[in-house]
Amino acid sequence: MKRPASPSKGVYLLPNLLTTAALFAGFFAVIQSVDGDFVPAAIAALVALVFDGLDGRVARLIGAETDFGAEYDSISDAVSFGLAPAVLTYLWALEPFGKVGWLGGFLFTACAGLRLARFNTQSAVKDKRYFQGLPVPAGAATLATWVLFVEETGFSGFWVNLVTLVAVYAIALLMVSNIRYRSFKDADLRYRVPFPVAVLIVGLLILVAVDPPLVLFGFFFVYVLAGPVATIFQLRRRRRERRARSEVDSSEREQ
């Protein structure tokens, strides 16, 4: 009698190693924030973003996608992009606001966890071209690059704390909203692109090299705003279409 094959008890090394690297970077960001080294903490959060972007792609490339890897990636994201940015921004700018400040940090962490849980449960039914709600890594990167931008320019004053407080609450709510954000997963980099696009990419890389904090913060800030702006235009277009249909219907009834 033939024995049934036993399930594999191992895990794929490379994708989970990259996920562990992202988790380590997030934990390192927390430690650096507690020590008051906010620039290394923000850089560590961005390093976690790089590793987080690599683990899934490597897993798909070598055919190593597993439920274990997906769950481990969510845990890593919760620490690196939920807890670490909340601790960073609270110790950097939100502490003077007292309860309002640490509640903002908790709201960001909780919304990041809720966003990740919703993403996992809807992964089989959602439109791959769009994210429902602001992606957690993008929200974390916006806060991290904001810290780097302010630290590099030397801006200071109560307005920096206030802007950070508003940003933390706004980004937290955008993560659990129904606003759609482009995922760019439908972009296929294997095919040719027009020459002007290649020139534009080179120009963007040069700008990043010249002033990384400013350019990176500008990129993520525009991405955060793109979702609400696109939603407003979409709602206006639908309103115009409904008005046009109602006018057509009313004219047909009159005839």
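Let's start at serine 177, which touches Arg118, Gln132 and Gly133, leaving aside residues up to four places away in sequence; touching, or contact, means heavy atoms within 4.5 Å. Before going on, a word of caution: this is a predicted model, where local features need pLDDT of at least 70 and side-chain atom pairs count only at pLDDT 80 or more, while totals for chains, interfaces and linings use all residues. Numbering runs from 1 along each chain as its sequence is written, and side-chain values use heavy atoms, with hydrogens and water left out.

So where does serine 177 sit? In the loop between α6 and β2, residues 180-182. Helices here are DSSP runs of H or I with at least four residues, strands are runs of E with at least two, and both are numbered from the N terminus. Serine 177 is buried, at 15% relative accessible area. Buried means under 20%, exposed means over 50%, and partly exposed is in between, using a 1.4 Å probe and protein chains only.

Arg118 takes us to α4, where it is one of the buried residues, along with others including Phe108, Cys111 and Arg115. What lies over those buried residues? The cover includes α3 (67-94), β1 (130-132), α5 and α6 (158-175).

Now α4 against α6. Their axes come within 8 Å and cross at roughly 20°; axes are lines fitted to C-alpha atoms, for helices over the stretch in contact, and angles run from 0 to 180 degrees between N-to-C directions. That makes α4 and α6 roughly parallel, the word for angles under 35 degrees. On the α4 side the contact includes Gly104, Phe108 and Arg118, and on the α6 side Leu165, Tyr169 and Met175 are among the residues involved. By class, this contact has 12 nonpolar, three polar and two charged residues. For the classes, Ala, Val, Leu, Ile, Met, Phe, Trp, Tyr, Cys and Pro are nonpolar, Asp, Glu, Lys and Arg are charged, and the others, Gly among them, are polar.

The other pair is α2 (residues 38-61) and α5 (residues 136-153), packed at about 150° with axes 9 Å apart. Among the contact residues are Phe38, Ile43 and Leu49 of α2, and Pro137, Ala141 and Leu148 of α5. This one has 12 nonpolar, one polar and two charged residues.

Last stop, isoleucine 43, in α2. Isoleucine 43 is partly exposed, at 43% relative accessible area.

Terms used: Angles under 35 degrees count as roughly parallel, over 145 as roughly antiparallel, 65 to 115 as roughly perpendicular and the rest as oblique.
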